[in-house]
Structures are given as structure tokens and as C-alpha cells.
Amino acid sequence: MTGISFEQVAKSFGTTRALVDFDLDVEAGEFISLLGPSGCGKTTALRVAAGFESLDRGRVIVGGSDISPIPAHRRNMGMVFQSYSLFPNLDVRANIEFGLRTRRQSTTERRARVDEMLELVQLTDQAGRFAHQLSGGQQQRVALARALAIRPDVLLLDEPLSALDAQVRSSLRDEIRRIQAELGITTIFVTHDQEEALSISDRVGVMSNGRLEQIDTPESVYRRPATPFVARFVGRINEFPSLRLDARTVECAGRRLPVASSEGSGSRDVLILIRPEDLRIDDHGFDGSIVRSTFMGPVRTVEIRLDRLDRIVEVVEPCSADVRHPGERVRVSWPSSELLVEDV
Amino acid sequence: MTARPVSARSFSRLGKAGILVLAGLFFVLPFAAMTRFALQNVQVIDLGWSTLFDKWSLDVFTNAFGNDFFLDSLVMSTKIAIGTVLLTLLLLVPTAVWVHLKLPRARAFVEFLTVLPYVIPAIGLVAGIIVVKPHVRWFISSDLSLIPFYVVLALPFTYRAIDTGLQSIDLKTLTEAARNLGAGWFRTLFTVIAPNLRSAIIASTFLTIAVVLGEFTIADVLLKRTFPAFMAEYRQSDPRGGYALAVLALGLTTLLFIVLAQLTRPRRRIDSIGTNTPRKT
């Protein structure tokens, strides 16, 4: 098993800087997701690893060697693309076999490996079909089998689930994780879907403007975001404009409130960032009235306009809680578990 | 949306049918007139409704086929057609793929270049040949020297066919997928791109053959007895026989286009990005 490292990688397209001093170490056998908004550079990082984009600066290290000068077809990377990339002129078996042919493997070896891959993605009975005879999910499973057949050093997944409907997406996501764990292959998964990234990865890297803002376990990224950008991008967030009184206390709408951390440049005006599930509707706290209550299945999101702050915050309650009606007067509090205090 | 009245729809349908009939007549009438002149052994002055079924004969073909130069010219044109098709595909497919993948901004310019043979008449090329002829006599003396000129003449048709084919597939993803699996450019081109351009390549091939079977000016200037040149020459000694050969060439070209239409008929749905539309499950 081999890991992959990006060292100070920079890549620009004209005046647009897609990757800026990008550093990332992926351990052997690790499943890493790169998450970020469109244009943040996550796909560029993947394409740099695959050899489809040249570097302006930096190195990509696989198995201790710098692979940056090696052309795409000589790198041993398996890639699954966002759009269905099966060769329309070849059937499933021939598609999976393609990479083995380029490696000049014997017919016996090829046949055995293709059978193994078909079994792995549970498509043995579809071996003779062509791409247009398969569903989107099946096509991506074949693409995964094709990428894995060559025993790549690293598996690169470029939003492979984004063209699929929700149900197929969820089952294929689980299947990708199962296969990755079974083979122990180092994997980089690019997605803009945070639920996907959080649920599938050993670690999640959140990117913005060509840089890694944070890379950590899914739980840490969600519960302990390193920057306000991460806090806002991963999950939902409520913002409370406040005044910093000291390192542990802020004043918000005339109330003195304790905060867990208040590091920053020392600005007095700050924003307290809190997850909706950390807010409570109870008998004390800020007065407000219900704007809307939305049933979301297991939970219900309640939007509340706070009187003194004149802004709407979102609170998550279990669906078993009482139904809130628009106009109902409530109070909202937070149990000193803010995510971040951001200087304004 | 409101439905259009029945009379308006009928009128529209009639209008379309009328246009089709007029277009058909525009093509068929001269063809029919030429066929009568060639295959009816009747004085031109006597050709009319009353003689419509008189003295039809295929003798003119027998005579033409018996001419010493008929077979030679046909073989030469066939060789030139094969050479032109091969050179066109070898030059055009990699170039068009390269432009699509690496120089998408240059597409408009390349398109402009490929329509130049429309703008510059064949006689312009001939003038060029006359200028360079003394320097490349060794090349001009070969029968196959017509091939490069025909490649250029066919460009407006062939480039468009290949370009349309490339637009109908997800070229970038297919190429990257092949490269990622270890295929070099050569293998990618021949095992992934070309098979998925089948229709475009067939169209380009037939269009090239049609150009080769119809070109006379350059062949005449370079003193090559191609099939069209032979037809023109034969017409001087036997006008009816010459036109009979023209009918034959026109018929063959029409047949080629019918075959082309059949071979390139889509057999499955292709979506806008050119990948296969997945089956709903």
C-alpha cells in the first residue's frame, strides 16, 4: 500500500489560482475526502495527482518518488470520473479489461482479474452488456471496477456520485467504502456534498480558494472547525453579533454570556457561531417568535426571529418534540458550546 | 399552449410536402432528362411524351465499358479515392481531436481554414499547381499526385463530419479515462476515439469519394485520366455514352449517400454530452 503527498503544489489557469501552496499527506490505505465549494481547487488537486494537469510549482510524491514529471498514462492511478466515462464501443468486460491490456497482461491473468472485479462490484451477470444498457449506478460501479482492476497506487474519485439519484447515490457510497476498506487502497474522494464527505471518510479536507482550510476527522471538522469558513461550509450555522468583554465572556443583546474560546485579533465586535442543534428552545434566553417550522424526517428545523437581535436563527429539534406554530412566542438559549468566536 | 386550428396544420403539412416535391423535382427532372438523352436512341428533337417508351437501350454502356480507357480510369479513380480517404482520415482525425482537446479556442480558425476550398475555386489551386509544377515534376508525374489536392477540396465536407462526430461524444472524459488506464495517444486514438466516431468517419469517407468521383478541373490540368476526365473526353466522341457514364456516376453517388444514411442512422440515444444515456432503473 502506498500513500500520496502534495508538497507546496501551485497551479494557475491564466489569472485564476486553482491551487496555492497546497499541502496534503494521505496515509497508505486512508480514505480522504476533499470538500469545498465550486472552484475551490479540489478537482484540480485530483487532476494534478492523475497527471492531467501540470504543476506550476511543488511536487506530488507517491511511494517516496516524485511523480510530477511522469505523464498520465505512465502513472499508476485509478480514476473514476463524474460523468459516465465507460467506453461506449466496449462491453462491461472489455471496459474493465482495458487497463490490463495496456499493461500487456496475459489472457488468463486478464480474465481472472476481470472476474474478480465483476464479483467485487456485484455485476458478474452484466459482463456482456454495453454502457447504454446499464443504469447510471451500474455504470459507475463498472467504472470503479475498471479503475481498481489495474491495482492502482491511489484511487481518485472525482464526484462519482453526483450524477446519480439519492437512493442509488447512498447505496453506491456505502459500496465504495466497503470496497475501499476491503482492498485497503489509498483513496482521495472529491465532493461538494458535505454529508457524503462526512459519512464516508477517515479524514475530510475542506478547501477554499486553492488552499486547505482544515483537514481532520469528520467529527472534528464538524464539531471543531478551524476557521469560520469551515464552520459555515460544513453544516448549518447561526451567527450572533456580540461584544467581547474578556477571553471567556461576551455580551450579546444586553446579556453577558460565557464562551468556551475567544481567541482572535482582539477586536471587540465579534460573531458567535453556533450550530442549530446546539441551540435550545426553553424557558430562558433570548425572546423570539416562531417564523417557520419544517418537518425534515427524523428532525424538525424551527426558524425563530429573535426580538433584540432582529435576526432569524435556526434550531433543530427532534420530530417527537411539540409542533411549533408560526407566531408562537419562545425563548432560545445556548449552553456555552459555541463553535467559534469570529472577529468582525 | 393553444392548439393550432386543423386547417392551419393541414396547410403547414401541405406546404412541407410541396417544398419536398419541388426539391425532388429539381433533382429528378434534370436526372431524368439526362437519362432519356443517354439511354434512348431517339433524336433530341424527337424526345417528347410520344416517344417516352421508344428505343431504350443499354448499348451506350456496353460501348463505354468496352473503351480501352474506361477500366484504367476507373481503377485510377478508385486508387485515388482510397488514398484520399486514408490521407484525409490520418490527417484530419488526429488534428480535429487535438484542436478539440488542446486548442478549443482555435476551432473557429480551423473551421475557417477548412472552408477556404469553397471560397478559392479549383481553378485557383490549378494556378498554384502551374507555378510549382517545374519544381515538383517528380511528384506531379505520379498518378497519385491528385490525392493531396482532393484532400484539400474535400475538407469543407470531411472536417465538418468529423467535427460533428467529436461534438457528439464526451471526448475529454473518454480520452482522460483511456490515458488514466495506461493508454498512450496512439492507443487512445485508435481503440477509444475512432470506434466512437464510426458514423463521422463513414460520412467523411463517402463525402471524400463523392468529391473524387466528381472532380475534373485539376485532373484535366495535370493530364490525369481519372474517371471524370475520361467521361468528359468520351463525351466528345460519343455524347450519349458520355452522359450515360454521368448518369452512372450520379446514380452511384446517390447510392453511396443512401448507404451512408443507413450506416450512420443512430441506433441508440446519445445525450448532449455524448455519453450513453443510462437506463432508468
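Visitor: What should I know about the numbering and the model?

Guide: Residues are numbered from 1 along each chain as its sequence is written, while chains are lettered from A and ligands numbered from 1 in the order in which they are written. The model is predicted: local features need pLDDT of at least 70, side-chain atom pairs count only at pLDDT 80 or more, and totals for chains, interfaces and linings use all residues.

Visitor: How do I read two packed helices, and at what angle do α2 and α4 of chain A pack?

Guide: Two packed helices are described by the angle between their axes and the distance between the axes. Here helix α2 (residues 92-102) and helix α4 (residues 136-149) of chain A pack at about 25°, with axes 7 Å apart. That makes α2(A) roughly parallel to α4(A). Angles under 35 degrees count as roughly parallel; axes are lines fitted to C-alpha atoms, for helices over the stretch in contact, and angles run from 0 to 180 degrees between N-to-C directions. Helices (H or I, at least four residues) and strands (E, at least two) are DSSP runs, numbered from the N terminus.

Visitor: Which residues make the contact of α2(A) with α4(A)?

Guide: Among them are A:Ile96 and A:Phe98 of α2(A) and A:Val142 and A:Arg146 of α4(A). Contact means that C-beta atoms, placed from the backbone, lie within 7 Å.

Visitor: How do I read a sheet, and which strands stand at the edges?

Guide: Strands of a sheet pair through backbone hydrogen bonds, either parallel or antiparallel. In chain A, five strands form an open antiparallel sheet in the order β15-β19-β16-β17-β18. At its edges stand β15 (280-282) and β18 (311-318), each with a single partner strand, so one side of each is left without a neighbour in the sheet. The twist averages 50° from one strand to the next. β15(A) pairs with β19 (residues 329-333) over three bridges; two strands pair if DSSP finds at least two bridges between them. A:Asp282 stands opposite A:Arg331 in β19(A).

Visitor: How many residues of chain B are in contact with chain A?

Guide: 24 residues of chain B are in contact with 26 residues of chain A. On the chain B side, α8(B) gives the most, with six residues.

Visitor: And where are the domains of chain B?

Guide: Domain 1 spans 16-57 and domain 2 spans 66-263, with bounds from an automatic or database domain assignment. Their centres, taken over C-alpha atoms, are separated by 31 Å. The contact takes six residues from domain 1 of chain B and six from domain 2 of chain B.

Definitions and conventions: Parallel < 35°, antiparallel > 145°, perpendicular 65-115°, else oblique. Contact = placed C-beta atoms within 7 Å.
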